[in-house]
Amino acid sequence: QITTVSGNEFLLQSDIDFLILDWFHAIKNAIDRLPKEQRITSRNLEFKLRRSSSIELLNNLDTESKEPKPEHRKSLIFRLNYSASDTNDRNRVKSRLKKFISRRPSLKTLQEKGLIKDQIFGSHLHVVCEHDKSTVPQFVKLCITAVEKRGLDVDGIYRVSGNLATIQKLRFVVNQEEKLNLDDSQWEDIHVVTGALKMFFRELPEPLFPYSSFEQFVEAIKIQDNATRIKSIRSLVKKLPRPNYDTMKILFEHLQKIAAKESVNLMSTQSLGIVFGPTLLRPEKETGNMAVHMLYQNQIVELMLSEYSKIFSSEED
């Protein structure tokens, strides 16, 4: 979301990471090319564009209140009649509010005391699985069930973005551990469900394909011989932690069902690879090889979908 100095607001939305990065660089370059005196036209605009803590915000209000502003005559008379005691009351309230904000406990402290529970979104996969007493997060299962129930034939399923505000609302419900019913009318747009599922995987502190195995998967996908390539990928998948393996298996089985309806939903294994590649696996530290990595990420997901039965087979070699 972008707010310009003139007050206009724009929302740019995409599920493709490299596209978002391109937008960011384009906007940043445009801002950098502006003359410095045109970038910020007033002190007020500078304050709005700057990230501030709550205390800084209150301090700014104190300073701004001292600046003369053109006001209607009636407002001026009101200010002249404003008593000193009222001003002192306002200052006391601000002072107490500052103290409250500075002394409030941290999120970690509240979690340790049990006042705030661990959230589903943004937590490590194994933590979510321990919370759900399963090797696959309950939220993932619910989303997959909902999509297979009413989304397999939807054009552009997983590629088309849902309403971001509704997705965030669903995220909040899940994090608050409220009883979730994805058949409720407020979640009737299946793109909201798919958007929330992608967001869940995107916000994992460590992706579904662990950082430690990223380079190994990339090296495996580079193998020229197809049989050897599949065998190598299968070996890496088998070594994954149980939550990662089980979640990956149920997810790719689901995506395979999506690809099977390609003639209707127009989502091939290649399309799904483009959507899920950067979401499911990425390097721990981005390097200059981002575009190359993205190509391999897509290819890994595409191969695992097209060769699902061989890679996730329980049979030993």
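These legends walk you through several close-up views of a predicted model.

**View 1. Helix α17, checked end to end.** Helix α17 runs over residues 290-306 and holds 17 residues. Look along the helix for its buried residues, among them H293, Y296, I300 and L303. M294, Q297 and N298 are buried too.

View 2. A search of the whole structure finds 10 aromatic pairs, and here is one of them: Y158 with F276. How far apart are the ring centres of Y158 and F276? They are 5.2 Å apart, and because the planes stand at 65 degrees, over the 60 that edge-to-face requires, the pair is edge-to-face. Y158 sits in the loop between α9 and α10, while F276 belongs to helix α16, so this pair ties together parts that are 118 residues apart in sequence. Both Y158 and F276 are buried.

View 3. F209 and F217 are both buried.

View 4. Side chains of opposite charge can pair when their charged atoms come close. The count for this model comes to 8 salt bridges. In the one shown here, K257 pairs with E148, with the closest N and O atoms 3.3 Å apart. K257 lies in helix α14 and E148 in helix α9, so the pair ties together parts that are 109 residues apart in sequence. Are these two residues buried or partly exposed? K257 has a relative accessible area of 36%, so it counts as partly exposed; E148, at 25%, is partly exposed as well.

View 5. R150 forms a salt bridge with D183, where the closest N and O atoms are 4.0 Å apart. R150 is in helix α9 and D183 in the loop between α10 and α11, 33 residues apart. R150 is partly exposed at 28%, and D183 is partly exposed at 46%.

**View 6. E307 and K310.** The closest N and O atoms of this salt bridge are 3.7 Å apart. E307 is buried, with a relative accessible area of 17%, whereas K310 is partly exposed at 48%. Elsewhere, salt bridges that share partners join K149, R150 and D183 into one network.

Conventions:
Residues numbered from 1 in each chain as written. Predicted model: local features only at pLDDT ≥ 70, side-chain atom pairs only at ≥ 80, totals over all residues. Heavy atoms only, no water. Helix = DSSP H or I, 4+ residues; strand = E, 2+ residues; numbered from the N terminus. Expected span 1.5 Å × (residues − 1). Buried < 20%, exposed > 50% of the residue type's maximum accessible area, 1.4 Å probe, protein only. Phe/Tyr/Trp six-rings, centres within 6.5 Å; stacked < 30°, edge-to-face > 60°. Salt bridge = Lys/Arg side-chain N within 4 Å of Asp/Glu carboxyl O.
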